[in-house]
Amino acid sequence: MTSAPVGSTLPRTSRIRVAAALGALAALAMSLPSRAQPPGPPGEQFKLVTVVEGLKNPWSMAWLPNGDMLVTERGGALRIVRGGKLLPDPVAGTPKVRAQGQGGLFDVVLHPKYAQNHYIYLSYAKPNEDGKQGTTAITRAKFENDKLSDIKEIFVADAWAETPGHFGARMVFDKDGYLFMSVGDRMEGLRAEGMDPTKLETHHAQLLVNHQGKILRLKDDGTAPPDNPFVGRADAKREIWSYGHRNPQGLAINPETNELWEVEHGPQGGDEFNRIEKGKNYGWPVIGYGANYTIGTEIHKDRYKAGMEQPVAFWVPSIAICGLTFYEGDKFPNWNGNAFAGSMNAYRQLVRLSLNGHTLVNREPLLLTQFRIRDVRTGPDGYVYLALDNIYSQPTSIVRLEPDKK
């Protein structure tokens with residue numbers, strides 16, 4: 001595989017942006033500091049190997065100490081892959097989910113001390129009593145002998161809406177044992193005529209009184225740590241770590257620095273790769289690089305604003321970026337320290353992101369147009385695993401990248 005320079009661009013289409021606006025965005029993107037850096041490290045030769053087949057909308061993967069893989073299916077099932085085979089029966093006891101639109105069962109992660117306590121965490125779209133609304137929630141349970149026990153819903157986001165999308169719902173533990181979870185903006189303001197330009201600053205992603213468009217930091221029991229940035233403020237939720245997000249679909253901890261990184265969906269343009277810092281505002285929808293759906297008109301008031309963070313990288317047109325991992329392993333030595341994210345629309349790819357500190361120095365698109373990639377994980381064996389999705393809910397696979405020395 002060869003590395004593409006950071007300044008390379010994806011194809012442009014009139015559906016995504018009217019020509020003048022697209023040209024302006026492209027020029028601005030080329031001016032970002034990350035695009036002026038030298039080429040990144042060399043790539044790796046790899047081959048794709050099918051791990052397991054027959055999954056329906058797989059959303060997340062996690063490995064048990066015995067080598068078994070847990071896989072969530074968006075429709076609500078938690079599955080076990082053992083010895084390369086998908087066990088026929090889903091795990092009983094998973095929470096009831098609102099499996100409409102983008103909703104359903106989402107992430108699965110293990111407690112950092114799973115070997116001692118056997119806790120796993122599931123995020124999902126929780127329905128209200130009549131099923132007409134949903135929000136993002138977390139259930140914790142013990143997983144032993146292929147069964148769930150001690151099942152407890154530990155967190156329910158204040159992000160209720162009838163809309164069936166933008167749940168966020170990615171989770172990751174940092175090295176200090178804190179659990180981060182993303183909550184999307186729940187599609188607030190999405191209208192056929194475009195977002196109302198007079199309501200950008202009052203969009204729920206910009207307000208601290210709710211969990212919409214936020215990344216949260218929790219203790220392992222779902223409560224808020226006392227050192228979260230907005231604890232003690234009457235106008236803010238205690239759980240908020242950062243805000244101004246649209247639909248974060250990937251969270252990962254850089255293993256070298258213990259820093260939190262994120263990828264999130266923009267609209268037509270404006271997918272982002274961000275380093276997430278305590279208490280920071282990431283701008284949605286006041287600033288950004290996206291456009292209104294269908295009509296292609298401008299959403300944002302500006303590209304920059306004091307007090308709002310710039311992405312480390314962005315994509316115009318959007319690639320529907322999804323899943324995030326930092327590679328550390330012995331199978332691909334040239335990839336150590338690199339981040340990987342998938343994507344799911346017409347510009348499908350696995351993108352390799354090379355960093356020098358907090359600066360992007362290279363991004364290499366791999367597997368162009370081949371797969372709709374929902375999740376990307378580094379397995380305990382050092383291979384890179386991809387959960388493949390199908391927009392029509394037809395059965396798909398989990399595949400992995402293995403070295404190809406030919």
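Colleague: Which residues lie nearest the centre of the second largest pocket, and how many residues line that pocket?

Modeller: Rolling a probe the size of a water molecule over the atoms shows where empty space is left. On a 1 Å grid over the protein atoms alone, a pocket is an open set of points where a 1.4 Å probe fits, with protein on both sides within 12 Å along at least five of seven lines, and lining residues have an atom within 4 Å of a point. Here 33 residues line the second largest pocket, and Gln102, His265, Ala320, Met344 and Arg372 lie nearest its centre. Keep in mind that this is a predicted model: local features need pLDDT of at least 70, side-chain atom pairs count only at pLDDT 80 or more, and totals for chains, interfaces and linings use all residues. Residues are numbered from 1 along each chain as its sequence is written, and side-chain values use heavy atoms, with hydrogens and water left out.

Colleague: What is the lining of the second largest pocket like by class?

Modeller: It has 12 nonpolar, 14 polar and seven charged residues. Ala, Val, Leu, Ile, Met, Phe, Trp, Tyr, Cys and Pro count as nonpolar, Asp, Glu, Lys and Arg as charged, and the others, Gly among them, as polar. The largest pocket is lined by 21 nonpolar, four polar and four charged residues.

Colleague: How much space lies in the largest pocket?

Modeller: About 930 Å³, where a volume is the space filled by probe spheres set on the grid points, joined across faces, edges and corners. Val172, Phe173, Glu328, Arg377 and Thr378 are the closest to its centre.

Colleague: Now strands. Which way do the side chains of E12 point?

Modeller: In a regular strand the side chains alternate between the two faces of the sheet. Lys214, Leu216 and Leu218 point one way from E12, Ile215 and Arg217 the other. Strands (E, at least two residues) are DSSP runs, numbered from the N terminus.

Colleague: Why is E12 said to be largely enclosed?

Modeller: Because five of its five residues are buried, meaning under 20% relative accessible area with a 1.4 Å probe, protein chains only.

Colleague: Which strands pair with E12, and over how many bridges?

Modeller: Strands of a sheet pair through backbone hydrogen bonds, either parallel or antiparallel. Two strands count as paired if DSSP finds at least two bridges between them. E11 joins E12 through five bridges, running antiparallel, with Ser182 partnering Ile215. E13 pairs with E12 in the antiparallel sense over three bridges, and there Leu216 has Ile240 as its bridge partner.

Terms used:
Buried means under 20% relative accessible area, exposed over 50%, partly exposed in between (1.4 Å probe, protein chains only). Helices (H or I, at least four residues) and strands (E, at least two) are DSSP runs, numbered from the N terminus.
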